[in-house]
Amino acid sequence: MDSIHETGGLECRFLRESHFGELHRAFLTAFSDYVMPFDLTEVQFRNHIVLNAVDLERSVGLFDHGRIIGFTLNGFGEWKGIQTVYDAGTGVFPDFRRRGLSHWMFQLMLSQFKENDHRQYLLEVITENHKAIGLYHKLGFETIRTVSLLHCPGEMKFHPNPINEVELRAIERPDWKLLRIFWDGEPSWQNSTEAIDRSRTKKRFEGAFLDGRCIGYIVYSANAGRVAHIAVDPSFRGRGVASRLLQSMKADMGADFVPQVINIDRTITSAMNFFENRGFSEKLSQFEMLRPI
């Protein structure tokens, strides 16, 4: 995509893969004062792009005299069976904010995507970021649910009498049709089955088996202890299966990391209660927002 819009010495246009290094530096600057730090290395930034199916050539940059001062990273895929664009990060340098530049980027993108088969645009925004929420409402986004980032900075608590007969072992080829039966809700974009499949080399995927039958599983970021999925067959809940899986993750974690759960749907009370009982608490919450294209 080569569309270019110019105004007041600024340029808004689609990016190239060759922008990756500069884009990474711009990402760090744009989020330097963010409520949640994004101090990503180049490798971590690349992982973020892969996880979220970002296509740089369909992502937008703001340029001031050839220098990137803002951007929107766009991921592409299906969301609940509908062709979707996902905002994997929108940022503008502090000195360039409050000029309507984010609105400008969205107008350029939406006009282009509307001509293709993309049907909707999905994003998340921290619930305390009132200015961004106001912008998204003006752009036609509606809140569809609230998701939470949980963490356990203290001692993790486990089931006092976990079932001992369970065998834990790695799952190489997940049977998502089976594992979905264990779910009580739908995961967020970055925890979708497609996202997990894209980032398998960075994930641990472990199952709990009883008499050869999978009765639960966990997916988490290797070493870091960030839970993407944890689920147990309803008929085996309350018996410490999920605790066994969390214990295994904890043993695999680096000493410098705090266990986290990324973007869990607040309305899944069974999961929220489970993590609260394990010693987790909410670090921040986000609105998941959607608009048709």
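The model is predicted, so local features need pLDDT of at least 70 and side-chain atom pairs count only at pLDDT 80 or more, while totals for chains, interfaces and linings use all residues. Residues are numbered from 1 along each chain as its sequence is written, and side-chain values use heavy atoms, with hydrogens and water left out.

On to its partners. β11 pairs with β10 (residues 213–221) in the antiparallel sense over 5 bridges; pairing takes at least two DSSP bridges between the strands. Gly216 sits opposite Val232 of β11. The hairpin of β10 and β11 has 4 residues between the strands, and Asn223 takes a positive phi near 75 degrees there.

β11 also pairs with β12 (residues 260–265), in the parallel sense over 2 bridges, and Val227 has Val261 in β12 as its bridge partner. Together with helix α7 (residues 241–252), β11 and β12 make a right-handed β-α-β unit: with the strands pointing away from you, the path from the first strand over the helix to the second runs clockwise.

Now for the serine. Ser188 lies in the loop between α5 (176–179) and α6 (193–198), and is buried at 1% relative accessible area. Leaving out residues up to four places away in sequence, Ser188 touches Trp79, Glu124, Arg145, Asn263 and Glu288 (contact means heavy atoms within 4.5 Å).

How values were computed:
Buried means under 20% relative accessible area, exposed over 50%, partly exposed in between (1.4 Å probe, protein chains only).
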